[in-house]
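Dear colleague,

I am passing on the structure below, together with some notes on what was found in it. Please keep it open beside you while you read, and look up the residues as they come.

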Amino acid sequence: MVKQTAGKDALGDFAPEFTRLNDDICAEEHGGMFGMGKPNTAFSQYFTGNSYLKPLAKAETVFLANVTFEPGCRNNWHIHKAEKGGGQILICVEGKGWYQEYGRPAKSIKAGDVITVPANVKHWHGAKRNCWFSHIAVEPAGEGTSNEWCEPVSDSEYNCL
């Protein structure tokens, strides 16, 4: 397979700035190695901004999907509830973003980081203001599992980061 890069490989150190200025041309690269997926319309009411979803695997014991956030996009506060097991694992694959647990400072995250979200912990995650961001969302099996979507992360909260 030949990867099309719109000539970016020849740009050297200027390539990141070229991508920022021409993200419509370079869109095929968003989403990391798994690709961007389709607009996440089924869950759009729980996001500020646009996100994209590419399911990767669904088995009895685990669900995996690549979630891509446009710059500034973030999901609402939410909780992965479980009586036993459950929770969420985020494997960051592209760009830079934020992760925050309720009552704690936000953490800057980037490709290569892995975040383990315990069950029953209120949290949110998303892209930084000026950068696309993608992570693999892993939802381990558990007993009595459900997701509770809460309030949006306000612009004033987000813009302080």
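Once neighbours within four places in sequence are set aside, Leu90 is in contact (contact meaning heavy atoms within 4.5 Å) with Tyr99, Asp113, Val114, Ile115, His125, His135, Ile136 and Ala137. Please bear in mind that this is a predicted model, in which local features need a pLDDT of at least 70 and side-chain atom pairs count only at pLDDT 80 or more, while totals for chains, interfaces and linings use all residues. Residues are numbered from 1 along each chain as its sequence is written, and side-chain values use heavy atoms, with hydrogens and water left out.

Leu90 also belongs to the largest nonpolar core, which has 13 residues, and it is listed with Phe69, Tyr99, Ile109, Ile115 and Phe133 as having the most contacts inside that core. A nonpolar core is a set of buried Ala, Val, Leu, Ile, Met, Phe, Trp, Tyr and Cys residues joined through side-chain atoms within 4.5 Å; buried means under 20% relative accessible area, exposed over 50%, and partly exposed in between, with a 1.4 Å probe and protein chains only. Two or more residues of this core come from each of strand 4 (62-69), strand 8 (88-101), strand 10 (114-117) and strand 12 (133-140), and strand 8 gives the most, with three residues. There is also a second, separate core of seven residues, among them Ile79, Trp98, Cys150 and Tyr158.

**The chain as a whole**

The protein chain has two helices and 14 strands, where helices (H or I, at least four residues) and strands (E, at least two) are DSSP runs numbered from the N terminus. Of its 161 residues, 37% are buried. Among contacts between residues at least 6 apart in sequence, 70% join residues at least 24 apart.

Beyond residues up to four places away in sequence, Ser51 touches Lys38, Pro39, Asn40, Thr68 and Cys73.

Ala111, by contrast, is in the loop between strand 9 (107-110) and strand 10, and it is partly exposed, since its relative accessible area is 39%. Apart from neighbours within four places in sequence, Ala111 is in contact with Cys92, Val93, Glu94 and Gly95.

**Where to read with care**

The chain averages a pLDDT (the predictor's confidence in each residue, from 0 to 100) of 87, and 82% of the residues score at least 70. Over residues 1-8, however, the pLDDT is below 50, and this stretch has 12 contacts in the model beyond near neighbours in sequence. The pLDDT also stays under 50 over residues 23-28, for which the model has eight contacts beyond four places in sequence. Where pLDDT is low, the predicted coordinates should not be read in detail.

With kind regards
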